[in-house]
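User: I would like to go through a structure with you. Could you put it up first?

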Amino acid sequence: MQTPETAAPDAILIVDFGSQVTQLIARRVRETGVYCEIHPFNKAAEAFAALQPKGVIFSGGPASVTDEGSPRAPQSIIDSGLPILAICYGQQTFCLQLGGKVEGGHHREFGRADIEVLEPSALYDGIWEVGGRYPVWMSHGDRVTELPEGFKVMATSPNAPFAIAGDEAKKRYTTMFHPEVVHTPDGGKLLANFVHNIVGLKSDWNMLAYRQKMVEKIRTQVGTGKVICGLSGGVDSSVAAVLIHEAIGDQLTCIYVDHGLMRLNETEQVLTMFRDTYNIPLVHVDASRVFLRELEGQSDPETKRKIIGRLFIETFEEEARKLGGAQFLAQGTLYPDVIESVSFTGGPSVTIKSHHNVGGLPERMNMQLVEPLRELFKDEVRALGRELGLPESFIGRHPFPGPGLAIRCPGGITPEKLEILRQADAIYLDEIRKSGQYDKIWQAFAVLLPVQTVGVMGDGRTYEFVCALRAVTSVDGMTADFYQFDMNFLGKTATRIINEVRGINRVVYDVTSKPPGTIEWE
Ligand SMILES: Nc1ncnc2c1ncn2[C@@H]1O[C@H](COP(=O)(O)OP(=O)(O)OP(=O)(O)O)[C@@H](O)[C@H]1O
Ligand SMILES: O=c1[nH]c(=O)c2[nH+]cn([C@@H]3O[C@H](COP(=O)(O)O)[C@@H](O)[C@H]3O)c2[nH]1
Ligand SMILES: NC(=O)CC[C@H](N)C(=O)O
Ligand SMILES: [Mg+2]
């Protein structure tokens, strides 16, 4: 959760009713240069009091307001008189709470719809015209059938009579459709109108302001204490390290852990790149023997992840001791990590996979966390990195998971398998770079499957491993699409891998999106 002292004064509060796309509302608001926070509906009253936002947005959600015990918006927010924009489920509960009616069992509507604008409104002033028809994206089963007093219909569609309805004088607006998704082409502009013209906020959320605010905050938190920062060479930890160094200088030491699960030549590249660019103390720990020994014979994905998580902790502890103790541990936790754990999903959310992340660290290490990126999305971290002057070689890197190649060798891991995977992965990335596609892809990697297949090479029989190639497009890693390579590219890359890597005789391409798949295979 956000702490109040980190909050910018001019903010929008997003009340989350559990929609799959709540994060997109935050993204759109941030894109207008205004700070916002998401809080689940059942904690929103507290957050409202702490944040003192200037406007509020209610998200959509999976529940039906007609169900008993379904979520409601805090009365304190409704009574505050602040401008409110309520989307889908938000519209339904807002209208109901103001005395309107909602019914289920009407025509369900998913996907594109065209709405017709009936009345002028500040919400789409300068964007949509009365009498015009505009495409929007709907996803609902229930609908409002009676508006609260003071509300009027502003736009309509065949299946959503109250596509937009509201009370202009009280600055209360509701939409049946989702303005936050890209399939509502003008949705971003509508949200910008709400934030700038209706709520009246200026664009003052930028990376320079953020950098200055965080530097002050880190200084206040750390005082004269010592900080260690796990540095992987990835964009999150690099940006975190440079920001913390700007704040507290030589009180910071970075620790790079080589767990033997890095990619080909990665350790040398990261160390050289970082040391050539920055004058920040960086300790290189070669812990590969311990990691590989403890992983031997383990094939369950969660067991592997937990072992790696524990060994990271032990390594950091030991290094802190060697440095004469450290009171703080810095990490590159991002906003999606934070809200994933607090957002309402209609019940206890299931663990899909335990990210190696250092969640268990503070108690065990007795170190306080320093998390300067916890308010940011990945692309905002990249923008902050540019603001801090990090070279593109850091900023443009594809994400690489903390557990490294261990989760790209499904099943048991051996040094031989890791070596085969390293070679294949390097060829794949080399081909991607050479073809100019690296920056179009969010993340790409090879996976070594625990399956051997029969092949024929040079008239001889082979019985070797299958290599799967994965490449995805994404904005924040929460959802992803497989990347559409040209077949010639895949064919050429497969040939190179099979010719150059001993141990692989077959290559396949993964065409699964997320959901239903995840990006990594374990
Ligand atoms: N090999 C490593 N050595 C030291 N710390 C690591 C290592 N791998 C991961 N970490 C720590 O774990 C955190 C989370 O890892 P994660 O992969 O999410 O971030 P990243 O590596 O900084 O960036 P990216 O997501 O772009 O790979 C990092 O910010 C870093 O503090
Ligand atoms: O630091 C990390 N520690 C982990 O344990 C971990 N597991 C997955 N990932 C990365 O997170 C993003 C989403 O991955 P999934 O779709 O596989 O969950 C992708 O970018 C993955 O590479 C991890 N990163
Ligand atoms: N997307 C939503 O917010 C859906 C709201 C509600 N669950 C409905 O089906 O109408
Ligand atoms: Mg990483």
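User: What is the mean pLDDT of the protein chain?

Analyst: This is a predicted model, and the mean pLDDT of the protein chain is 91. Of its residues, 93% reach 70 or more. For the complex, the predictor gives an ipTM of 0.90 and a pTM of 0.80.

User: Where does pLDDT stay under 50?

Analyst: Residues 343-349 stay under 50, and the model has 15 contacts beyond four places in sequence for them. The pLDDT is also below 50 over residues 358-362, a stretch with 9 contacts in the model beyond near neighbours in sequence.

User: How is the chain divided into domains?

Analyst: Domain 1 covers 4-198, domain 2 covers 207-395 and domain 3 covers 414-509. The centres of domain 1 and domain 2, taken over C-alpha atoms, are separated by 37 Å.

User: On to the annotations. Which residues does UniProt list for "active site"?

Analyst: The unreviewed UniProt entry lists Cys88, His178 and Glu180 under that name. They gather at one spot, because no two of their C-alpha atoms are more than 11.2 Å apart although they span 93 residues in sequence.

User: Is Cys88 buried or exposed?

Analyst: Cys88 is buried, because 27 other C-beta atoms lie within 10 Å and the cut-off for buried is 20 or more. Its place is the loop between strand S4 (84-87) and helix H4 (89-97). Leaving aside neighbours within four places in sequence, Cys88 is in contact with Gly60, His140, Met176 and His178.

User: And His178, what does that one touch?

Analyst: Not counting residues up to four places away in sequence, His178 touches Val21, Gly60, Ile87, Cys88, Trp137, Ser139 and Thr184. His178 lies in the loop between strand S11 (172-175) and helix H5 (187-198). His178 also counts as buried, with 23 C-beta neighbours inside 10 Å.

User: Which residues are around ligand 3?

Analyst: The residues around ligand 3 are Ser19, Gly60, Gly61, Pro62, Ala63, Ser64, Cys88, Tyr89, Ser139, His140, Gly141 and Asp142.

User: Which residues does the "binding site" annotation cover?

Analyst: In the unreviewed UniProt entry, that annotation covers Ser232, Gly233, Gly234, Val235, Asp236, Ser237 and Ser238. Ser232 is in the loop between strand S12 (227-230) and helix H7 (235-248), while Ser238 lies in helix H7.

User: What are the contacts of Ser232 and Ser238?

Analyst: Beyond four places in sequence, Ser232 touches Ser237, Phe400 and Gly402. With the corresponding neighbours left aside, Ser238 is in contact with Leu231, Gly233, Leu390 and Phe394. Ser232 is buried, with 22 other C-beta atoms within 10 Å, and Ser238 is buried with 29.

User: One last residue. Where is Leu295 placed?

Analyst: Leu295 is in helix H9 (residues 288-295) and is buried, with 23 other C-beta atoms within 10 Å. Leaving aside neighbours within four places in sequence, Leu295 is in contact with Lys304, Ile307, Ala406 and Ile413.

User: How many Å separate the C-alpha atoms of Leu295 and Glu116?

Analyst: Those C-alpha atoms are separated by 61 Å, and Leu295 and Glu116 are 179 residues apart along the chain.

Key. Residues numbered from 1 in each chain as written. Chains lettered and ligands numbered in written order. Predicted model: local features only at pLDDT ≥ 70, side-chain atom pairs only at ≥ 80, totals over all residues. Domains from an automatic or database assignment. Near = placed C-beta within 6 Å. UniProt positions renumbered as here; feature names shortened; annotations may be inferred. Helix = DSSP H or I, 4+ residues; strand = E, 2+ residues; numbered from the N terminus. Buried ≥ 20, exposed ≤ 12 C-beta atoms within 10 Å, placed from the backbone. Contact = placed C-beta atoms within 7 Å. pLDDT = per-residue confidence, 0-100.
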